[in-house]
Amino acid sequence: MNISYDSYRVFYYVAKYHSFTQAAVVLMSNQPNVTRTIKNLEQALGCKLFIRSSRGAQLTPEGEQLYAHISLAFAHIQSGEEELAISRGLHGGVVTISASEISLRCCLLPILKAYRFRYPGVRVRLSNHSTPQAINVLKNGLADFAMVTTPASVPDSLQSRTIMEIQEVPICSSAFSGLWDKELSLQELARHPLICLGPNTSTFEFYSDLFAQQGLLLKPDIEAATADQVLPMVKSELGVGFVPESFLQEEAANRELRRLRLKSPIPKRKVCFLKQHRQYLSTAAKELERMVLAAADCGE
């Protein structure tokens, strides 16, 4: 049976909208042409497909049977067209991300690895900031989106989505082995040299609040510029530091480092995805956003 794609296309839109007139508008044609095409299709198939009534063009049982297959075929065609459009938009371009160190290491790096493998033609510009700095960069339109850790003061101009939760733990080297087998309070921990990120970071704000809840003042003996610096400083026996558990995965066999036990666990922090409301994103940026949010959905 030699029936053209255009005939089935006209049938699809008449069935979808239950209207010859509406189908003609969508197809940028006119009603007589649509009516003629449907009559020719009915003759070719040897059955009536529509019944016109005050409710519009209603499918006959044969029409319903045909539409079940045609609608599925059109869904596949449209999906293929969309995939091709995305593919064409992902052969090049630039995506700009502003990220805090912890969000980068705990969440974003594996997603970027998968993204670069799929779309090697897209350039990724990644700026590493503290959470407040990352938010300012995004707010000023200098990034497509941002990845930050809580606590975060998110202005109304930005929308936020939680991607994952992270658990941080205190660690120390063998120089503080006297703490290894104890269950410690923050008061006891504060008697020892502490390594922490400096002011104007969400990490400093987080631990300042945590210590204040215990009537303590956070006074780090050493202030690190980035979260990545804390672990090497702990290894160098400079004090006790706080790091995400994921930072310790590569140190599993290191007997010189030990996770300390606290009487009350450190509250979990969140990694958040931020972007501007109604912000235009390129195809490349939209795809990276999709992959980030998909990772969040898998973690829920």
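Over the ring of which residue does the charged end of arginine 269 sit? The ring is that of phenylalanine 206, with the charged end 5.0 Å from its centre; a charge sits over a ring if NZ of Lys or CZ of Arg is within 6 Å of the ring centre and within 35 degrees of the ring normal. Likewise, the charged end of arginine 52 lies over the ring of phenylalanine 20, 3.8 Å from the centre.

The model is predicted, so local features need pLDDT of at least 70 and side-chain atom pairs count only at pLDDT 80 or more, while totals for chains, interfaces and linings use all residues. Residues are numbered from 1 along each chain as its sequence is written, and side-chain values use heavy atoms, leaving out hydrogens and water.

Aromatic rings also meet one another. Rings of Phe, Tyr and Trp (its six-membered ring) pair if their centres lie within 6.5 Å, with planes under 30 degrees apart counting as stacked, over 60 as edge-to-face and the rest as tilted. By this rule there are twelve aromatic pairs. In one of them, tyrosine 12 and tyrosine 13 have ring centres 5.0 Å apart and planes at 80°, so the pair is edge-to-face. Phenylalanine 145 and phenylalanine 273 form a tilted pair, 4.8 Å centre to centre with 45° between the planes. Phenylalanine 145 belongs to strand β5 and phenylalanine 273 to strand β14, so this pair ties together parts that are 128 residues apart in sequence; strands are DSSP runs (E, at least two residues), numbered from the N terminus. Phenylalanine 145 is buried at 0% relative accessibility, where buried means under 20% relative accessible area (1.4 Å probe, protein chains only). Phenylalanine 273, at 3%, is buried too.

Notes
Helix = DSSP H or I, 4+ residues; strand = E, 2+ residues; numbered from the N terminus. Buried < 20%, exposed > 50% of the residue type's maximum accessible area, 1.4 Å probe, protein only.
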